[in-house]
Amino acid sequence: VYGKGLVLWYRLYPQGEEGVKTRPSQKARIAIIVTRKLGNAVQRNRCKRLLREVFRINRHLLENSADCIFCPKDIEIFKDYSTVSAAFLGLVKKAKILKESKDL
C-alpha cells in the first residue's frame with residue numbers, strides 16, 4: 001500500500017482457524033526498511049525512531065495479527081511527530097488493518 005512518502009507491506013494471520021497455525025505472538029509487529037537514498041545515518045535513524053514511536057503509541061488500534069513492514073520514501077514527512085503520525089494512520093486506514101471500533 002502506497003501513501004504519502006511511506007510504503008506499507010503487511011500480512012494478517014488467521015485467528016485460530018481449524019488446522020491453521022497461528023503466530024505465537026498476538027500483538028502487531030513492525031519492521032522498518034530505510035535506504036541510504038534518504039540521507040545520512042542521523043536522518044535514517046530519526047526516521048526509524050519516529051516510526052517506532054508512532055507504532056508504539058497506536059499499536060492498540062491495529063489488528064493483533066498484523067505484521068507490518070514500513071519503507072519511507074520521502075524524508076520530508078519525517079520533520080516532526082505529527083506528520084509521521086498522520087502518514088502512518090492514513091496508510092493503515094488505506095490498508096484496512098485497523099480494528100473495528102467495537103474492539104477498542
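These legends walk through several close-ups of one predicted model.

The model is a prediction, so local features need pLDDT of at least 70 and side-chain atom pairs count only at pLDDT 80 or more, while totals for chains, interfaces and linings use all residues. Residues are numbered from 1 along each chain as its sequence is written, and side-chain values use heavy atoms, with hydrogens and water left out.

**View 1. The whole chain, before we zoom in.** Here we have two helices and four strands, in the order β-β-β-α-β-α along the sequence. Helices (H or I, at least four residues) and strands (E, at least two) are DSSP runs, numbered from the N terminus. The average pLDDT, the predictor's confidence in each residue from 0 to 100, is 85 for the chain, and 85% of the residues score at least 70. Of the 104 residues, 33% count as buried, meaning under 20% relative accessible area, with exposed over 50% and partly exposed in between (1.4 Å probe, protein chains only).

**View 2. Strand 3 alongside strand 4.** Strand 3 (residues 29-32) and strand 4 (residues 66-72) run parallel, joined by four bridges; two strands pair if DSSP finds at least two bridges between them. Together with helix 1, these strands make a left-handed β-α-β unit. For reference, a crossover is right-handed if, with the strands pointing away from the viewer, the path from the first strand over the helix to the second runs clockwise.

**View 3. R29 meets D67.** R29 stands opposite D67 in strand 4, and their side chains form a salt bridge (2.7 Å, N to O). That pair ties together parts 38 residues apart in sequence, because D67 lies in strand 4 and R29 in strand 3. A salt bridge here is a side-chain nitrogen of Lys or Arg within 4 Å of a carboxyl oxygen of Asp or Glu. D67 is buried at 15% relative accessible area, whereas R29 is partly exposed at 38%.

**View 4. A salt bridge inside helix 1.** A search of the whole structure turns up two salt bridges, and R56 with E53 is one of them, the closest N and O atoms being 2.7 Å apart. Both residues sit in helix 1, three residues apart, or about one turn of the helix. R56 is exposed at 53% relative accessibility, while E53 is partly exposed at 31%.

**View 5. S85 and its neighbours.** S85 belongs to helix 2 (residues 81-95) and counts as buried, at 12% relative accessibility. Leaving aside residues up to four places away in sequence, S85 touches V54 and N58, where contact means heavy atoms within 4.5 Å.
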